[in-house]
Amino acid sequence: MRLSELTGATADALRSAGAVLLDLMTPTVRLGVTGLARSGKTVFITALVRNLVAGGRLPFFAAMAEGRIARAYLEPQPDDSVPRFAYEEHLADLARDPPQWPESTRRISQLRVTIEYTPATALRRALATGRLHVDIVDYPGEWLIDLPLLELSFSEWSRRAVADARAPQRSGAAKDWLAFLSALDVDAPADEQVALAGTALFTRYLQAARAPNPELTAPGPGRFLLPGELAGSPLLTFFPLPPGTAAVYARGTLGAMLARRFESYKTHIVQPFFRDHFARLDRQIVLIDALSAVNAGAGALADLQRSMEAILKCFRPGANTWLSSVLPRRIDRLLFAATKADHLHHTSHDRLEAILRLVADKAIARASFAGAEVKVMALAALRSTREAEAKSGRQRLPCIVGVPLPGERLGARLFDGRTEAAVFPGDLPEDPTILTTQAGPVAGGADASIHFLRFRPPRITLETPSGEEPALPHIRLDRAIEFLLGDRLA
Ligand SMILES: Nc1nc2c(ncn2[C@@H]2O[C@H](COP(=O)(O)OP(=O)(O)OP(=O)(O)O)[C@@H](O)[C@H]2O)c(=O)[nH]1
Ligand SMILES: [Mg+2]
């Protein structure tokens, strides 16, 4: 090797060592975007990144409004083993004609946005680097329903899962599996064929229970709904057993085999997911699609409340102190967001927030008590409607206007996905507790007073002829960013 090459190589090495050092010195926020399936995680992440990178209209995001963001850009993510979040693909979907929502997420992915900014005060300008990494992970919402399993033994889980299957709204879907259970001898010698047959029926029940409305809380385990490369593996060959059977099964029995596999599922699937992605979060936004649950009636909202409560118990909110540098960090800011607020006129956003407070009340109280800062808001990461007023006799009704997705219905009208419509979604109740306590469906169905349609996303332009990247429309996304990141850019 010639000397000039060698010095070149050394210079390169020094340069990259410099980059590594800068990277190590750059503070990082690990932002958790938490939400059940179809709650709006992927859309939120896409809209957040686009608005940061393209310098969107974010008047309540102070650093941006004050012109202190020099630039924000995507960088290679820190974890080499996790695929990159398909940001460009999701944007491209929105630029198609007609525009498409991203597909439901099937695997985990990660993204790093680096923000270069001017600190707000002269002192900070002298001390700080003015760079912040924001790391975000996206994953299928189905996986989230598994977190509460970490706290449950096989018999506790069995008791809950069988009671769930017997609930009136699920017993139809669960009929064959429940019949199989009632004829099962759990003390018989372990038999793989019996385990496979029971698992097939259990899986079919889980899929049937959620088929009518994938936006609603589904019973799990999550990988039974979305097995990916684990399909058919022993890790997914188990099912819960009826209560009343022994807490500890004799060695070699079917019961012992199923209980062992449940423990393996926790050890090999749920624990790593929790440890690698959730246990390291600094900030968290919890996305809750309360409107879909309101659409489906009282049972659905109570289900949502119960399952969010169990999931949110797994997180450690609290204030970080100087000890946090040696102890595991806590989530010091927690934002509860009701997504898809563009389904409502802004005059109803307060009521949507009240429903959200009801769904998450215990988690909000726990996080506040532990010293975390908590905020609740209704937002739309990607606004798909505009507001208007319609006359009904003498009354003026606040409406929203958008293009309902193909197949959406309003009374006798069936939408084709291309026609714009003005709709009055109905009034949310002033007292949200009615929605969880009333026995029958309060909303949903043909004669319901409240009904939300799903809309097409707005068609976006990726780049204008002059090279500008237009930002995306939203509702309160800027306030969400300010709460989640603002103090780290001060
Ligand atoms: N109108 C409106 N609809 C939204 C918005 N965000 C999400 N949606 C709707 O909600 C659906 C689900 O959004 P996603 O972001 O894919 O949800 P997710 O949480 O990533 O779902 P999984 O990947 O299945 O876990 C979309 O296909 C849209 O129909 C929004 O801001 N406004
Ligand atoms: Mg997704």
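Predicted model: local features only at pLDDT ≥ 70, side-chain atom pairs only at ≥ 80, totals over all residues.
Good morning. Seven strands form an open sheet with mixed pairing, and their order is β2-β3-β4-β1-β5-β6-β7. At the edges stand β2, residues 69-75, and β7, residues 373-378, each of which pairs on one side only. From one strand to the next, the twist averages 20°.

Let me turn to strand β1 and its two partners. Strand β1, residues 28-35, pairs with strand β5, residues 283-288, in the parallel sense over 5 bridges. How far is β1 enclosed by the rest of the structure? Of its 8 residues, 7 are buried, so β1 is largely enclosed.

Next, the helices that lie against this sheet. Helix α15, residues 361-369, lies across β6, residues 333-338, and β7, and runs at about 150° to β7. Helix α17, residues 477-485, also packs on the sheet, where it touches β1, β3, β4, β5, β6 and β7. The direction of α17 makes about 165° with that of β6.

Which residues have the most contacts inside the largest nonpolar core? They are W177 and F336, in a core of 87 residues. Helix α11, residues 254-278, gives the most to this core, contributing 12 residues. To return to F336: leaving aside residues up to four places away in sequence, F336 touches V286, L312, L356, A360, A363, I364, V374, K375, V376 and M377.

An open sheet of 3 strands has antiparallel pairing and the order β8-β9-β12. Strands β8, residues 386-392, and β12, residues 421-423, stand at its edges with a single partner strand each, so one side of each is left without a neighbour in the sheet. On average, and ignoring direction, neighbouring strands of this sheet are turned by 40° against each other. Strand β8 is joined to β9, residues 395-402, by 7 bridges, and the two run antiparallel. Within that pair, K391 has R396 in β9 as its bridge partner.

Some local backbone features deserve attention. Which peptide bonds are cis? One joins D97 and P98, with omega of about 0°, and P98 lies in the loop between α4 and β3. Another joins G220 and P221, with omega of about 5°. P221 is found in the loop between α9, residues 192-210, and α10, residues 222-225.

Positive phi values in residues other than glycine are also present. For R38, phi is near 65°, and the residue is placed in the loop between β1 and α2.

Finally, the overall dimensions. The protein has 17 helices and 12 strands. Its C-alpha atoms fill a box of roughly 75 × 75 × 45 Å along the principal axes. For 490 residues, a compact globule would have a radius of gyration near 23 Å, and the 25 Å of this protein agrees with that. Buried residues make up 51% of the 490. Among contacts with a separation of 6 or more, 76% are between residues 24 or more positions apart. The accessible surface comes to about 23200 Å², and 54% of this surface belongs to carbon and sulfur atoms.

Conventions. Residues numbered from 1 in each chain as written. Chains lettered and ligands numbered in written order. Heavy atoms only, no water. Pairing = 2+ DSSP bridges. Helix = DSSP H or I, 4+ residues; strand = E, 2+ residues; numbered from the N terminus. Axes fitted to C-alpha atoms, helices over the stretch in contact; angles between N-to-C directions. Contact = heavy atoms within 4.5 Å. Buried < 20%, exposed > 50% of the residue type's maximum accessible area, 1.4 Å probe, protein only. Rg over C-alpha atoms; globule rule 2.2 N^0.38 Å. Areas by Shrake-Rupley, 256 points an atom, 1.4 Å probe, with all protein chains shown as cover. Core = buried A, V, L, I, M, F, W, Y, C linked by side-chain atoms within 4.5 Å.
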